[in-house]
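Welcome! Let us take a friendly look at how the chains of this assembly meet.

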Amino acid sequence: MTVDGTDYTDDVEPRTLLVHHLREALGLTGTNVGCDTSNCGACTVHVDGQSVKSCTMLAIQADGREVLTIQGLADTWDGEGSLHPLQQAFHEAHALQCGYCTPGMIMASLDLLAENPDPSDDEVRHGLEGNLCRCTGYQNIVKAVRAAAVQIRQGSTKSQEVPA
Amino acid sequence: MTVIDDRPADVGGVGTAPWRKEDAHLVTGQTTWTDNLAPVGTLHMAFVRATMAHARIGSIDTSEAAGMPNVVGVFTGADFAEECPTLPCAWPVTPDMVHPAHPPIAVGKVRFAGDPVAVVVARDRASAVDAAETVLVDYEPLPAVVDMEQSLTDEVVLHEDEGTNKAFFFSMPTGADIDETFAGADVVVKRRFIQQRLLPTPIEPRAVLCIPQAASGDFTIYSATQIPHILRTMLAVVTGMPEHKIRVIAPDVGGGFGAKLQVTGEEVIALLVAKRLGRPVKWTETRSETNLTMHHGRGQIQDIEIAATKDGKLLGLKVDLLADMGAYLMLVTPGVPILGAFMYPAIYKMDAYRFNCTGVFTTKTPTDAYRGAGRPEATFAIERIMDELADELDMDPMELRKLNWITHEEFPYEMVAGLTYDSGNYEAATARAMELFDYEGLRAEQAQRRADGDRIQLGIGISTFTEMCGLAPSRVLGQLDYGAGGWEAATVRMLPSGKVQVVTGSSPHGQGHETTLSQITSSALGVPFDDIEVLHGDTQVSPMGLDTYGSRSLVVGGIALQKAAGKVVDKARKLAAHLLEASEDDIEFADGTFSVKGSPDASKSIQELALAIFAAHDYPEDMEPDLTGHAIFDPENFSYPHGTHLCAVEIDTETGHTSIRTYVAVDDVGKVINPQIVEGQVHGGIAQGIAQALYEGVVYDDDGNLVTGTLVDYLVPAAPDLPSFTTDRTETPAANELGVKGVGEAGTIASTPAVVNAVVDALRPYGVHDVEMPCTPERVWRAIQSGQKGGAQ
Amino acid sequence: MIPASFDYVAPTSVDEVVSTLAEHGDDAKVLAGGHSLLPLMKLRFAVPAMVVDIGRVEELRGVRDAGDHLAIGAGTTHHEIVHDPLVRQHCGLLAEATSMVGDAQVRHRGTIGGATAHGDSAGDLPAVVSALEGTFVAQGPGGRREIAAADFFQGYLETALAADEVLVEVRIPKHDGWGFAYEKFNRVAQAWAIVGVAALVRRENGSVAEARIGLTNMGAVPVRATASEEALAGADRTEDAIRAACQHAADGTSPPADLSAQPDYRQHLARVLSARAVARATG
């Protein structure tokens with residue numbers, strides 16, 4: 001499989017979950033495990049461009065697929081070392097506290113914005129229903145996703161007024 | 001990857017909102033969670049846990065597990081009984097408190113579903129889990145004791161050597177004679193409220209890694225903990241190992257909310273297994289294990305009785321608690337309800353108060369601190385019964401509060417419960433909240449909907465709360481028989497190049513210490529925000545500290561830092577006077593520069609002084625060559641944030657579904673270091689309080705099995721389940737060096753009663769006087785049904 | 001969190017799937033989107049010796065116009081169904097209800113076949129397919145057979161699928177011109193429906209000509225509110241008429257008792273939500 005632009009060839013035990021393969025075999029510990037019932041979404045990555053919960057997919061199911069994790073996200077943006085607008089917006093809007101849910105939350109938001117480049121507050125909230133955050137109360141996450149949406153539409157990482 | 005920050009350069013001092021220093025590694029996944037770490041050769045633990053709530057352990061057959069591939073060892077409670085007979089409880093709340101042994105792995109009996117009975121150690125985690133599945137435990141079942149009142153009959157006793165399920169009885173009568181007060185009152189209202197158990201649910205589960213250094217006998221322990229310092233000391237105390245041979249590191253920690261304020265059996269076992277096998281040993285819990293075994297919060301039955309005149313003047317308050325300890329007393333289990341003892345009178349003036357609390361063992365997961373710890377329970381009960389009293393007196397609930405609260409001219413005010421509130425302005429916060437909320441407009445709409453018999457009814461809930469935080473004055477803790485103090489340590493060190501190193505003894509897990517403490521340092525020393533590093537969470541780097549809980553990091557740790565920075569300034573002033581050949585009294589300090597009064601050109605920047613003292617070529621004879629300040633701050637008093645939270649709910653009376661339409665929070669946390677971080681703390685706190693009011697609750701069946709064992713059954717709200725909050729602040733400085741108050745727990749303490757008061761308010765026309773938490777659609781619907789039959793109370 | 005060891009195959013044709021199932025019998029489990037099976041395996045409530053991953057069987061994916069019905073491959077994901085133009089045009093109810101299944105990540109992996117073959121009446125799709133009077137197509141060693149929705153769901157987590165059969169297709173009759181609504185009532189967005197109501201209404205001359213109501217989580221299998229359906233046939237499109245008819249929505253049901261609700265409350269919700277769904281579907 002390809003992960004964050006790098007090809008990997010590994011033998012895996014069938015029971016190895018994708019998230020454990022990423023973390024333990026590939027050392028990509030940016031993707032976290034928060035539950036065992038696919039509720040929390042902390043483990044969200046993209047497989048072939050769609051968000052999935054990597055704790056509810058076998059590594060072997062990702063054979064031949066393209067995986068993107070939080071650690072490869074910034075490189076998909078301007079190629080000049082900037083953060084992805086979602087990462088920048090989460091930072092600016094204080095959309096994270098402990099940061100444990102953040103990789104999954106950002107990867108879920110990336111999918112949301114791919115489907116809906118200009119979501120309302122409600123659409124952001126519903127689009128992120130598969131991700132739990134215990135610190136922020138979500139309000140600043142909503143703000144960050146909408147701010148990032150503006151930046152992505154404009155193709156810039158410069159800080160932006162948050163839409164009302 | 002670079003963070004773009006094109007904002008003005010003056011952002012970074014006290015009162016500004018620099019973006020957090022913590023974020024860059026968190027938004028890019030370059031994190032160091034404990035579970036990320038595993039040195040070569042690390043062994044992994046999997047615990048075998050009790051599958052029933054209460055049973056005698058017969059035989060434990062570990063033979064199959066021991067023979068499985070990659071398994072290095074299988075241990076049971078007996079293997080550690082001498083090395084660690086019991087986990088610690090640091091808070092014996094009464095001299096005669098029953099304090100049964102709590103072995104890290106059960107010995108003889110299991111007392112809750114999830115109690116560990118064996119541990120398998122293997123070369124990889126999957127092998128450990130596979131082997132743990134094969135351990136056969138022969139149980140002799142005993143009856144579960146799930147209900148607290150049932151437990152107190154002592155028909156079935158958990159800790160047979162103690163002979164009783166009653167852990168303690170704590171009584172605190174203060175003020176005027178309570179019986180006379182109640183006898184003379186026009187109105188007495190009595191209610192029973194149930195504080196359901198909650199799962200704190202940090203999104204990062206617990207994890208621990210212990211790395212032994214065999215030759216030196218040193219142990220390095222990484223743990224997802226709030227309390228590296230306390231953990232280090234307690235590990236030494238409970239195992240008898242030398243404290244100086246144990247180093248605890250809390251790396252990136254993914255939330256705590258009190259649940260990581262604990263010394264757990266798993267941490268102790270990791271240490272003891274690492275010691276025994278001489279190899280690194282690691283354990284990361286699964287979420288199902290979290291639900292089963294990470295300590296729970298709340299779990300109280302509250303009988304509360306309030307006495308007033310017919311005009312609404314409060315006279316006295318009686319509180320009788322049953323507090324669910326669960327199966328064992330953990331680090332501060334008995335102290336949690338006692339923290340609440342001081343908060344029931346809240347912001348209200350009254351002359352008589354009596355608080356009683358009975359701690360009860362049940363065959364359930366132990367309880368302990370969860371965000372607010374004792375104070376949310378107290379605030380809930382008093383704010384709920386204020387609404388009930390208002391209803392009884394046919395008064396507007398806000399008017400009743402105004403009639404009884406301490407007015408801002410009356411501070412400092414000595415409360416009937418013994419605390420002295422240093423500051424507050426309840427009128428200002430309330431006025432601002434009422435304005436933002438449109439209180440009158442919503443009351444009018446409510447009246448209209450009631451008159452129309454609208455399917456959607458509107459309810460308005462008030463919470464005019466205060467709390468005590470900033471734990472804590474050490475002398476007060478001593479009076480309460482707590483086993484430690486409440487001070488905090490800080491060190492500020494000028495580095496040769498003029499950069500600054502700050503070491504704090506408090507240990508963050510999401511609060512933004514690095515940012516906030518940098519701001520304090522930046523303002524105190526006049527150095528740029530970005531020139532400051534903040535070190536924490538490692539007992540070797542930060543040898544003194546009492547960690548993070550009870551909204552203490554700023555009001556205790558921040559003030560320690562302010563004092564330490566002051567010592568640096570004092571030393572630098574002395575050095576500047578020496579180098580500028582002026583009297584110390586003539587040296588002025590502003591914006592990082594020391595100058596001679598009247599000769600502004602004669603000056604030295606603090607950075608120049610840092611280099612000068614490093615070189616040490618020329619410095620005063622009565623000074624050491626060093627610009628370091630170290631301070632320990634032990635507060636004189638608690639911190640008393642307050643505020644007014646107003647909540648409007650809409651209830652679909654056909655289905656019982658509640659949705660929050662408007663939520664306004666005006667908090668007074670004194671002077672604010674970073675408004676963005678403060679707002680974030682308020683948001684998160686409100687969310688957790690709403691979660692208690694509407695969504696969350698631990699459920700056990702009659703046999704003591706945990707029904708809410710996964711996040712499928714324990715409903716943590718996601719983004720669509722919560723509203724946007726309207727927040728604002730008033731600023732009444734606290735009587736401390738920075739004028740600051742704690743903020744970490746305030747939102748959680750305030751919001752639960754605001755929401756439930758709103759739910760009950762919506763349903764009053766149906767004869768409803770209470771809805772048990774969480775206010776599920778079914779409970780609301782049933783309240784309406786029985787209320788219409790005249791039954792709900 | 002770590003499943004027990006198992007053997008794994010990922011066939012690329014239905015024939016291979018069937019022969020693998022025939023070989024392994026009850027020891028084998030079919031893995032589709034994995035959102036029911038994998039959590040059970042991680043918690044070790046399910047311990048299959050052989051996992052047959054059908055995710056690489058291309059012939060199981062996609063929506064085909066088959067004249068009077070749509071033929072939906074069992075491996076078609078929820079996400080694909082929500083966005084499929086044929087589904088949206090001819091079976092709007094399925095698109096609407098599927099958009100409420102799980103969350104975005106779940107809908108990317110989960111499939112219509114997996115969600116129905118699991119046989120969980122608390123899931124949204126069994127009741128929806130029942131209301132749509134869909135047909136399940138199973139393939140086994142003896143070839144293909146068709147099973148009407150009414151016969152497919154046989155009990156809690158029990159379907160008419162034999163251990164050696166795999167669900168290959170779900171056929172949904174086109175419902176052009178029918179009004180529809182799915183009312184999902186849950187405590188939090190992530191939770192399963194306490195009760196869900198799938199309503200389909202065909203109007204004629206300003207009144208209700210025909211109505212179908214499928215109920216989620218009102219019994220061990222998805223239930224049709226037949227008494228209300230009968231009462232609605234020919235009824236006026238007024239709120240009162242709909243409410244009156246939907247008073248019978250829970251007749252004959254025996255809903256489960258669990259953490260979220262007791263049976264009588266579920267029955268009450270079924271009546272209230274049926275009235276709302278039918279009203280919305282009636283337009």
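A salt bridge here is a side-chain nitrogen of Lys or Arg within 4 Å of a carboxyl oxygen of Asp or Glu. By that rule, the interface of chain C and chain A holds two salt bridges. Please keep in mind that this is a predicted model.

**Chain C against chain A**

The side chains of Glu129(A) and Arg107(C) form a salt bridge, at 3.6 Å from N to O. There are also 15 residue pairs in polar contact between chain C and chain A, both residues at pLDDT 80 or more. On the side of chain C that touches chain A, helices H2 (37-42), H3 (78-83) and H6 (104-109) of chain C each give two or more residues. H6(C) gives the most, with five residues. By class, this side of chain C has 13 nonpolar, 11 polar and seven charged residues.

**Chain B against chain A**

Across the interface of chain B and chain A there are three salt bridges. The side chains of Arg134(A) and Glu696(B) meet in a salt bridge at 2.6 Å, N to O. Among the elements of chain B that give two or more residues to the side touching chain A are helix H4 (125-134) and helix H19 (675-695). H19(B) supplies the largest share, nine residues.

**The two interfaces in a table**

| Interface | Residues in contact | Buried area |
|---|---|---|
| Chain C and chain A | 31 residues of chain C, 33 residues of chain A | about 2,700 Å² |
| Chain B and chain A | 57 residues of chain B, 52 residues of chain A | about 4,700 Å² |

Terms used
Residues numbered from 1 in each chain as written. Chains lettered and ligands numbered in written order. Predicted model: local features only at pLDDT ≥ 70, side-chain atom pairs only at ≥ 80, totals over all residues. Heavy atoms only, no water. Contact = heavy atoms within 4.5 Å. Buried area = accessible area lost by both parts, 1.4 Å probe. Polar contact = N/O pair within 3.5 Å; in protein donor to acceptor, adjacent residues only side chain to side chain. Helix = DSSP H or I, 4+ residues; strand = E, 2+ residues; numbered from the N terminus. Nonpolar A, V, L, I, M, F, W, Y, C, P; charged D, E, K, R; others polar.
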